[in-house]
Every structure is written in C-alpha cells, then in structure tokens.
Amino acid sequence: MITTNTQNLKQEYDYIIVGQGLAGSCLALQLARRGKSFLVYSDPKGKSASRVAGGLINPVTGRKMVLTWRANELFPYLHKFYREAEKTLNSKFFFEMPIYRPFVSIEEQNEWQGKSTEEHFAPFLKKIFSKEEAENIVEDPFGGLLLDKSGYLDTEAFLEGVQKWLLAGGHLVEQKFALDSINLNEEAVVYRSVKANRIIFCDGVKGSENPYFKEIKYRPVKGEVLKVEIKEQLNKIYNRGVFVMPRNGLNTVGSNYDHNDLSWEPTEKGMEEIESKLKALLKVPYVVKEHKAGVRPSVADRRPVLGPSKLDERLVAFNGLGTKGVSLAPFFSEQLANWLCDGIEPDKEVRIERFFN
Ligand SMILES: Cc1cc2nc3c(=O)[nH]c(=O)nc-3n(C[C@H](O)[C@H](O)[C@H](O)COP(=O)(O)OP(=O)(O)OC[C@H]3O[C@@H](n4cnc5c(N)ncnc54)[C@H](O)[C@@H]3O)c2cc1C
C-alpha cells in the first residue's frame with residue numbers, strides 16, 4: 001500500500017480537502033492550477049461512489065430523452081478539463097465515444113426528426129437512423145439516435161492518476177479525517193497539527209452524517225453495475241434502459257436506482273433488474289464477470305451543493321454530485337475554486353444557502 005509520511009508534511013496550507021473521489025480530485029486539480037497549497041485526506045478503507053461509477057458522459061438522458069441540465073456549458077468544459085488533466089497526470093482516462101440510442105417506436109423516431117433541427121440539441125446529435133443500424137448488436141427495429149460529445153471517464157484510472165500525482169507532490173494523507181479533531185481558532189482552522197484557511201468536505205455520501213452540514217437534504221441512491229464479456233468488439237456505447245459500454249477489455253453495464261437499500265453490497269435483485277433490461281437491448285450473448293454496488297451522494301433537488309457551513313464559513317461543502325458526477329464535477333469544481341480563491345459567487349441554484357430556509 002502507498003503511504004504518506006505525515007511527519008514530512010508542512011504545517012500550513014490554504015486548504016484541506018476531505019475525500020478523494022471525483023469531487024475532491026477535480027477540486028485538487030483546480031487549486032493546483034491556481035497555485036494554492038492544499039492537503040487531501042483520503043480514507044483508504046472508505047467507500048467511494050466514484051470507484052463504482054460506470055463513468056458515462058451522456059448529453060441526452062432519461063426515458064424522455066431530454067438534454068441533460070446545462071449540457072451546453074458542462075460538456076465543452078468537461079472535454080477541456082479532462083484533456084488537460086490527462087496531460088497533468090500523464091495518464092489516459094477520458095474516452096470520447098458515440099452513444100447509440102435505439103428508438104422504441106416510430107413516434108419517437110418522428111419526434112427526434114423534429115428535435116434535430118432545434119438549436120440546443122444540434123451540437124449533441126451525430127446522426128438519426130430511421131432503419132436498423134446497430135450491426136446486429138442491439139434491438140433497433142425503428143433505427144435510433146447517434147449522440148456526439150459523449151463517452152466515458154475511466155474513473156478508476158482517473159482517481160489513481162490523481163492519487164499518484166498528489167503523493168508525488170506531498171499533497172495526500174491516506175488516513176480517515178476525524179471530524180472531532182477540528183479546532184476552530186479565530187485566526188485559522190486547525191486539524192491536529194495542520195493549519196488551514198478552510199476545510200473543503202468532498203466526503204460523498206458520508207456528508208449526510210457530517211454535523212457541520214445538517215441542513216443539506218441528502219437523498220442517497222444506491223446503484224449496481226455489471227462487467228460483462230461480449231464476443232463482438234463494441235465500437236460505441238449502446239443505451240436504452242441500461243448502457244453497455246466497452247471499457248478496459250470488458251463491457252460495463254448499468255445502472256439501476258434504489259432509494260431503500262443503501263448498503264454497498266451487490267444484490268440478486270439489482271442483478272436481475274439490470275439483466276432484464278440488458279436482455280431487452282442486446283441481441284448477442286454475454287457472460288457476467290463482475291458485479292459491484294455503490295451509493296450516489298444525491299440531494300433532494302438533484303443539484304450539486306457548494307458553499308460554507310452555517311456554523312463556520314471556513315468549513316465548506318462540495319457534494320450532491322448524484323447520478324452525473326463525471327459531467328458535473330469539472331464545471332462546479334471550477335465554480336467552487338473561483339469562489340474560494342477570488343470570491344466569485346457560484347450559480348444560485350448550486351449554492352448551499354438554498355437549504356438554509
Ligand atoms: C452504480 C453507480 C453508477 C454510476 N454511474 C455513473 C455514470 O455512469 N456517470 C456519472 O457521471 N456518474 C455515475 N455515478 C455517480 C458518481 O459516481 C458520483 O456522482 C460521484 O462519484 C460522486 O463523487 P464524490 O467525490 O462526491 O463521492 P465519492 O466518490 O463517494 O467520494 C467521497 C470520498 O470521500 C471519502 N471520505 C468520506 N469521509 C471521509 C473522511 N472522514 N476522511 C477521509 N476520506 C473520507 C470517501 O472514502 C470517498 O473516497 C454512478 C454511481 C453509482 C453508485
């Protein structure tokens with residue numbers, strides 16, 4: 001196991017970050033770009049949704065196939081962000097790949113022929129097929145929609161790249177951060193012997209137990225993913241009910257949504273739910289090789305949460321990335337870094353103050 005010698009740490013930082021999932025990793029990259037000093041605490045035994053995530057980057061989502069929230073801002077930004085991160089971390093983890101969504105009916109096909117002329121959809125539509133196109137891989141009797149600007153983040157490779165980069169720069173302590181060891185002095189926030197101007201909590205679903213942020217209305221959602229072997233080599237992501245995505249030699253299939261069972265254990269029920277949708281989509285045989293589960297840090301209004309605690313404004317939350325963390329984390333880590341470093345307020349709809357009424 002990689003460990004950090006805590007005795008070699010310097011004692012004062014601009015920021016402490018708690019958690020190295022997508023939120024903490026993106027924020028660390030943003031602060032480094034701004035020349036700030038920071039130290040990240042990451043619990044080596046902690047659960048992380050980012051390590052389970054499919055990593056899908058999808059501009060048109062949901063059963064009704066609507067443009068994802070703020071896609072026209074989030075997507076150009078995430079492409080630039082992950083490309084730059086690949087250079088900084090000297091690692092490959094961002095893969096652009098079209099998504100093919102078979103239509104369920106002729107009505108849906110007609111609807112999309114109309115939508116394709118709408119300006120806001122245009123950057124995300126590669127092609128509309130009115131006949132079968134999926135090379136006998138999936139069921140698509142009515143044709144389908146081929147999406148652009150889509151793809152996936154190999155989240156494990158991204159997090160490992162960030163971890164190595166943090167260690168090399170002396171920015172990472174692989175220890176659980178103990179909330180009861182925070183000392184809120186007048187001049188600084190002190191954690192054990194480390195001083196910082198602010199502590200940023202990127203603690204994922206553990207944030208729901210954080211006493212400094214009791215107001216945030218968390219609605220965690222469990223999800224499960226499968227890794228399956230398919231003889232045919234897929235050259236695009238297929239998505240209808242579930243997504244099937246070629247990733248690292250296998251194919252990631254996901255995901256489902258469970259608001260009741262919030263354990264991190266994969267279940268038979270989850271497997272059956274995903275497999276029934278997979279069978280409805282896929283025409284070719286597959287073999288399940290892996291099955292994982294995780295809990296998404298979602299909040300009631302399904303928007304990210306950025307901003308200071310009501311109890312002390314030097315304690316800050318960056319959470320609520322929910323179901324689309326890969327697309328949201330780059331853009332909103334920039335908004336948070338702009339606020340931390342330059343006092344520029346984040347957008348109203350993501351500010352923590354919306355929970356304070
Ligand atoms: C099954 C599943 C599939 C998904 N698929 C997709 C997808 O295809 N596309 C997409 O965009 N999103 C997907 N998501 C959502 C995505 O995973 C989340 O939005 C994102 O990972 C949240 O990142 P985070 O950093 O906020 O949380 P996390 O990744 O959970 O990170 C929080 C980190 O903080 C650490 N931590 C907590 N408390 C402490 C402490 N006291 N001290 C030290 N460390 C601490 C935890 O151990 C963890 O490492 C999926 C999620 C699941 C569960």
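Here is a short chat about this structure, which is a predicted model.

User: Hi! Let's begin with helix H1. How many of its residues are buried?

Analyst: Ten of the twelve residues in H1 are buried, so the helix is mostly covered. Among them are Leu22, Cys26, Gln30 and Leu31.

User: What comes just after H1?

Analyst: Gly35 is found there, with a positive phi of about 70 degrees.

User: Switching to the sheet: in what order do the strands run?

Analyst: The order is E8-E9-E7-E16-E17-E18-E15-E19, eight strands in an open sheet with mixed pairing.

User: Which strands stand at the edges?

Analyst: Those are E8 (125-129) and E19 (287-296). Each has a single partner strand, so one side of each is left without a neighbour in the sheet. From one strand to the next, the twist averages 20 degrees.

User: In what sense do E15 and E18 pair?

Analyst: Antiparallel, over four bridges, with E15 covering residues 221-229 and E18 covering residues 250-254. Val225 stands opposite Gly254 in E18.

User: What holds paired strands together in general?

Analyst: Strands of a sheet pair through backbone hydrogen bonds, and the pairing can be parallel or antiparallel.

User: Which strands does helix H5 lie across?

Analyst: H5, residues 268-281, lies across E15, E16, E17, E18 and E19. Its direction is at about 85 degrees to E17.

User: Now a single residue. Where is Glu232?

Analyst: Glu232 is in the loop between E15 and E16.

User: Why does Glu232 count as partly exposed?

Analyst: Because Glu232 has 15 C-beta neighbours inside 10 Å, while buried would take 20 or more and exposed 12 or fewer.

User: Which residues is it in contact with, leaving aside neighbours within four places in sequence?

Analyst: Glu232 is in contact with Ile137 and Val284. As for Pro330, 98 residues away along the chain, its C-alpha atom is separated from that of Glu232 by 33 Å.

User: Last topic, the ligand. Which residues come nearest?

Analyst: Of the 44 residues around the ligand, Gly19, Gly21, Gly46, Gly204 and Gly325 come nearest. H1, E15, E19 and helix H6 (325-342) are the elements that give two or more residues to the shell.

User: How do the shell residues divide?

Analyst: The shell around the ligand has 16 nonpolar, 20 polar and eight charged residues.

How values were computed: Residues are numbered from 1 along each chain as its sequence is written. This is a predicted model: local features need pLDDT of at least 70, side-chain atom pairs count only at pLDDT 80 or more; totals for chains, interfaces and linings use all residues. Two strands pair if DSSP finds at least two bridges between them. Axes are lines fitted to C-alpha atoms, for helices over the stretch in contact, and angles run from 0 to 180 degrees between N-to-C directions. Two residues are in contact if their C-beta atoms, placed from the backbone, lie within 7 Å. A residue is near a molecule or strand if its C-beta atom, placed from the backbone, lies within 6 Å of it. Ala, Val, Leu, Ile, Met, Phe, Trp, Tyr, Cys and Pro count as nonpolar, Asp, Glu, Lys and Arg as charged, and the others, Gly among them, as polar.
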